[in-house]
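This report describes selected contacts within one protein structure. The sequence and the structure are shown below.

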Amino acid sequence: MVRARSGRAAHAERRTGRTARRGARALAGLAAAALTAAGVVAAGTADASEATPSATSRTGHSPTVARAAAVPKHAVTGYWQNFDNGATVQKLKDVNDAYDIIAVSFAEATGTPGAVGFHLDPAVGYGSADEFKADIKAKQAAGKSVIISVGGEKGAVSVSDDASAKNFADSVGKLMDEYGFDGVDIDLENGLNSAYMTKALKALHAAHSGVVVTMAPQTVDMQSPQNEYFKTALGIKDFLTVVNMQYYNSGSMNGCDGKVYAQGTVDFLTSLACVQLEGGLAPSQVGIGVPASSRAAGGGYVEPSVVNAALDCLTQGRNCGSFKPPKTYPGLRGAMAWSTNWDAANGNAFAGQVGAHVQGMP
């Protein structure tokens with residue numbers, strides 16, 4: 001995602017998307033070929049929204065608060081910036097009520113391989129960690145899930161062996177217990193090892209059975225079930241909540257029909273979502289991730305009406321562009337915005353229009 005990670009940054013950094021575009025060309029036709037050769041991978045039977053929250057982790061630690069209510073059948077995810085990059089500076093209590101899952105951005109690498117830590121940026125205005133924790137509790141009391149996002153555009157978290165997998169799971173679990181987070185978002189844009197990340201997330205789930213797990217891969221990371229990010233999602237599909245792929249900053253990419261579609265269009269959103277839906281993820285595990293304003297990304301911004309059209313196309317088969325999905329997916333989870341701060345700077349257009357649309361889906 002386009003995420004300046006320091007309060008000193010005046011504006012959101014812009015990614016060129018060159019790496020993703022090169023990957024797109026190299027992967028031309030790969031999505032369709034992989035799906036044809038392997039057949040459609042069966043999706044997990046468990047609906048992540050039906051997971052039972054747990055107030056006490058199996059490790060024996062007592063979390064700060066009981067876990068929030070289960071994620072709604074259709075949900076809106078928003079990233080909250082723990083830094084000032086020119087968007088509206090918010091406290092958690094200021095986040096629009098349309099957001100069902102709030103991903104606190106970001107936990108960062110520590111000196112221990114695989115481990116992550118979190119520190120409030122003074123730029124966001126909290127006087128103490130207790131004030132921040134109180135805002136988490138208030139959001140949870142309102143039925144929201146508040147999770148900790150790991151990585152971001154410049155994140156350097158590496159989980160590549162047994163030791164780092166354990167360190168990752170233990171450190172995320174510690175943050176959940178310390179702050180009361182409901183789970184974790186995986187937003188690693190500089191490589192991911194599916195075997196060890198899957199192992200780490202399974203360990204985290206074993207310790208916190210009601211954990212909310214979301215992902216925000218780049219488009220190139222979800223072009224085929226053989227990609228590491230995709231394999232990780234499939235590896236935890238029995239408890240994965242949602243993959244909100246970043247449908248932006250990528251240039252043109254392959255849809256599930258093997259054709260190339262340009263970003264910033266309804267066809268881009270629907271055809272790339274189809275890759276995930278036909279590649280093994282349950283509809284409840286797929287969300288559409290977009291920038292909340294044109295300033296929030298280097299490319300790929302679409303108006304809220306385009307997001308709503310894509311949701312209608314995928315769930316009801318109407319308002320499609322030239323791409324028509326092979327079937328409808330009424331259980332589609334919803335949509336995601338980068339970020340709640342950029343949304344606020346844009347008059348909360350995403351929350352008001354896409355949020356209302358998602359929450360009105362049958």
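Cys320 has a relative accessibility of 21% and therefore counts as partly exposed; buried means under 20% relative accessible area, exposed over 50%, and partly exposed in between (1.4 Å probe, protein chains only). The model is a predicted one, in which local features need pLDDT of at least 70 and side-chain atom pairs count only at pLDDT 80 or more, while totals for chains, interfaces and linings use all residues. Residues are numbered from 1 along each chain as its sequence is written, and side-chain values use heavy atoms, with hydrogens and water left out.

**Disulfides**

The partner of Cys320 in a disulfide is Cys313, which is buried because its relative accessibility is 0%. A disulfide is here a pair of cysteine sulfur atoms within 2.5 Å, and the structure holds 2 of them. The other joins Cys256 to Cys274. Helices (H or I, at least four residues) and strands (E, at least two) are DSSP runs, numbered from the N terminus. Both Cys256 and Cys274 are buried. The torsion about the S-S bond is about 80 degrees for Cys256 and Cys274, so that disulfide is right-handed; for Cys313 and Cys320 the torsion is about 100 degrees, so this one is right-handed as well.

**Salt bridges**

A salt bridge requires a side-chain nitrogen of Lys or Arg within 4 Å of a carboxyl oxygen of Asp or Glu. By this rule there are 8 salt bridges, including those in the table.

| Residues | N to O distance |
|---|---|
| Asp100 and Lys144 | 3.9 Å |
| Glu228 and Lys231 | 2.9 Å |
| Arg318 and Asp312 | 3.7 Å |

Glu228 and Lys231 are 3 residues apart in helix 6 (residues 228–235), so about one helical turn separates them. In the remaining row, Arg318 is partly exposed because its relative accessibility is 39%, whereas Asp312, at 5%, counts as buried.

**Helix 10**

The buried residues of helix 10 (residues 349–359) are Ala349, Phe350, Ala351, Val354, Gly355 and Val358. Seen down the helix axis, these residues fall within an arc of 165 degrees, so they line one face of helix 10; the arc is that of the directions from the helix axis to the C-beta atoms. Among the elements that cover them are strand 1 (75–81) and helix 8 (304–316), where contact means heavy atoms within 4.5 Å.
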